[in-house]
Amino acid sequence: MRTRRKQHARLEGNGPAKILCRQCAGLCCRYFALPIDTPKTRADFDDVRWYLAHEGISVFVEDGDWYLNIAARCRFLDPDNRCGIYPRRPRICRGYEHDACDFHSGDYGYELHFTCLEDLDDHLARRRRPKRPRGKPAPPRPQKKRTPTRT
Ligand code: SF4
Ligand code: SF4
């Protein structure tokens, strides 16, 4: 199973990771994201709409890949935002890349992010709008009506 954005810096140990994790509310332990097939057909997009109809779900696109984002707090995140099973935490948590962690990087780098069904509908509507051919001038703007002035 491929996952991403489950990057957990050292909660123990020396260096900046320790300090950052102490300042952070355990952001990386409050969700996970799974890759999904890139939607191509109307039916595929409708399936994504179905995902987005659920609470706690968002969908984002990064480097052209689509991901399902599930907001779910890890059961082992302590009230003080530290890992309650640190010595036996899963390997995904061990494989952190601290430099790119949510708190450290501050930039998710999304190309697209849909937080609700309407977001995706708007995106699809924008895609359907016909594009003006290159070089073709924009249609003239409607003139403002002027009140005739008396002479
Ligand atoms: S998001 Fe970064 S700073 Fe926060 S707990 Fe996770 S690894 Fe530590
Ligand atoms: S097991 Fe520990 S490090 Fe992994 S997500 Fe849960 S609280 Fe975070």
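1. The average pLDDT of the protein chain is 81, and 68% of the residues reach a score of at least 70. Residues 6–15 call for some care: their pLDDT stays under 50, although the model gives them 28 contacts beyond four places in sequence. Where pLDDT is low, the predicted coordinates should not be read in detail.

2. Next, the overall layout. The protein chain has five helices and four strands. Read from the N terminus, the elements follow the order α-β-α-β-β-α-α-β-α. Of contacts between residues at least 6 apart in sequence, 66% link residues at least 24 apart.

3. How many of the 151 residues count as buried? The share is 11%. The largest nonpolar core is made of five residues, namely V48, V59, Y67, F114 and L120. In soluble globular proteins, nonpolar side chains tend to be buried together.

4. V59, a member of that core, is worth a look in the viewer. Leaving aside residues up to four places away in sequence, V59 touches V48, Y51, L52, W66, Y67, L68, N69 and F114.

5. W50 belongs to helix α2 (residues 42–52). Is W50 buried or exposed? W50 counts as exposed because 11 other C-beta atoms lie within 10 Å of its own, and the cut-off for exposed is 12 or fewer. Along the chain, W50 and L117 are 67 residues apart, yet their C-alpha atoms are separated by 7.6 Å.

6. Finally, find Y96 in the loop between α3 (91–94) and α4 (102–105). Y96 has 19 other C-beta atoms within 10 Å and is therefore partly exposed, since buried would take 20 or more. Y96 and C28 are 68 residues apart in sequence, while the distance from C-alpha to C-alpha is 9.7 Å.

Terms used. Residues are numbered from 1 along each chain as its sequence is written. Chains are lettered from A and ligands numbered from 1 in the order in which they are written. This is a predicted model: local features need pLDDT of at least 70, side-chain atom pairs count only at pLDDT 80 or more; totals for chains, interfaces and linings use all residues. pLDDT is the predictor's confidence in each residue, from 0 to 100. Two residues are in contact if their C-beta atoms, placed from the backbone, lie within 7 Å. A nonpolar core is a set of buried Ala, Val, Leu, Ile, Met, Phe, Trp, Tyr and Cys residues joined through C-beta atoms within 7 Å. Helices (H or I, at least four residues) and strands (E, at least two) are DSSP runs, numbered from the N terminus.
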